[in-house]
Amino acid sequence: MSKKALPTDASGFVVLSEYVPHILQEIRYHSTYNFIGERIDGYEEPIALLSIEAARALKSACNELLVQGYRFKVFDAYRPVSAVKQFMLWGIEDTDIRMKPYFYPDLEKQELFQKGYIAKQSSHSRGSAIDLTLLDMKTGKEVDMGSPFDLFSEVSHPEYRGITEEQFENRMMLRRAMVRNGFLPLDCEWWHFVLKDEPYPDTYFTFPVCAASLKT
């Protein structure tokens, strides 16, 4: 059942690492290693925030994969509206393409929006979307998914078959675990999932990514 909430109200959110202690985090938009090349607006701490409902579902998926020898590595979760606005302004006005070779080598900036890689309104801002991969606990390394996080390319589509069978199966292993635990995949990014029964389907939150947001 969906809830009504103010965009500034973080009371229905948790710090993901406190709720799901086995996850690893590499919050890319708090760093300069992302498709823009600078820290993104609203990312005040390198932590992941998520709605309580999505965190609960993710914990179930995490426990399932732990038994198989894998941990989650999270790149992004809740994303404030200010970050999405920065993405849009960068796409429309900014001529900086310094990160193009790493994140969108075969596309022009405008195509990132046309092809659905960057949205004018992000599901992340509703608080129940997450970007993640798997870490092999035996090797301590990320599982090979055939393309890195945030590579905006056809090769990153979950169903893309121009990769090895092992890489494809790794994507499907992640996908199956997430879908079994209540998440929906995205057709152009193997790393992106949204809780099917998200609690705030019509609310795009504005509070910054920091633990203090949950205490105000």
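**Pocket, cores and buried residues**

Student: Which element gives the largest share of the lining of the largest pocket?

Tutor: Strand S8 (residues 189-195), with three residues. A strand here is a DSSP run (E, at least two residues), a helix is one too (H or I, at least four), and both are numbered from the N terminus. This is a predicted model, where local features need pLDDT of at least 70, side-chain atom pairs count only at pLDDT 80 or more, and totals for chains, interfaces and linings use all residues. Residues are numbered from 1 along each chain as its sequence is written, and side-chain values use heavy atoms, without hydrogens or water.

Student: What makes a space a pocket, and what makes a residue part of its lining?

Tutor: On a 1 Å grid over the protein atoms alone, a pocket is an open set of points with protein on both sides within 12 Å along at least five of seven lines. A lining residue has an atom within 4 Å of a point. The volume is the space filled by probe spheres set on the points. For the largest pocket, that is about 230 Å³. Its lining has 19 residues, and the closest to its centre are Arg 79, Tyr 117, His 124, Glu 189 and His 192.

Student: Why is Phe 13 called buried?

Tutor: Buried means under 20% relative accessible area; exposed is over 50%, partly exposed in between (1.4 Å probe, protein chains only). Phe 13 has 4%, so Phe 13 counts as buried. Phe 13 sits in strand S1 (residues 13-15). Contact means heavy atoms within 4.5 Å. Beyond four places in sequence, Phe 13 touches Leu 49, Tyr 78 and Leu 214, among others.

Student: How do you know whether Gln 86 is buried or exposed?

Tutor: The relative accessibility of Gln 86 is 11%, so Gln 86 is buried. Gln 86 lies in helix H3 (residues 81-92). Its contacts beyond four places in sequence are Ile 36, Glu 38, Arg 39, Ile 40 and Asp 41.

Student: What makes a set of residues a nonpolar core?

Tutor: The members are buried Ala, Val, Leu, Ile, Met, Phe, Trp, Tyr and Cys residues, joined through side-chain atoms within 4.5 Å. The largest core has 64 residues; Leu 16, Phe 72, Ile 130 and Met 178 have the most contacts inside it. Helix H2 (residues 52-67) gives the most to this core, eight residues. A second, separate core has five residues, including Leu 151 and Phe 168.

Student: How many disulfides are there?

Tutor: A disulfide needs two cysteine sulfur atoms within 2.5 Å. By this rule the count is zero. Cys 188 is buried, at 5% relative accessibility. Cys 210 is buried, with a relative accessible area of 5%.

Definitions and conventions: 1 Å grid on protein atoms, 1.4 Å probe; cavity = no way out; pocket = protein on both sides within 12 Å on 5 of 7 lines; lining within 4 Å.
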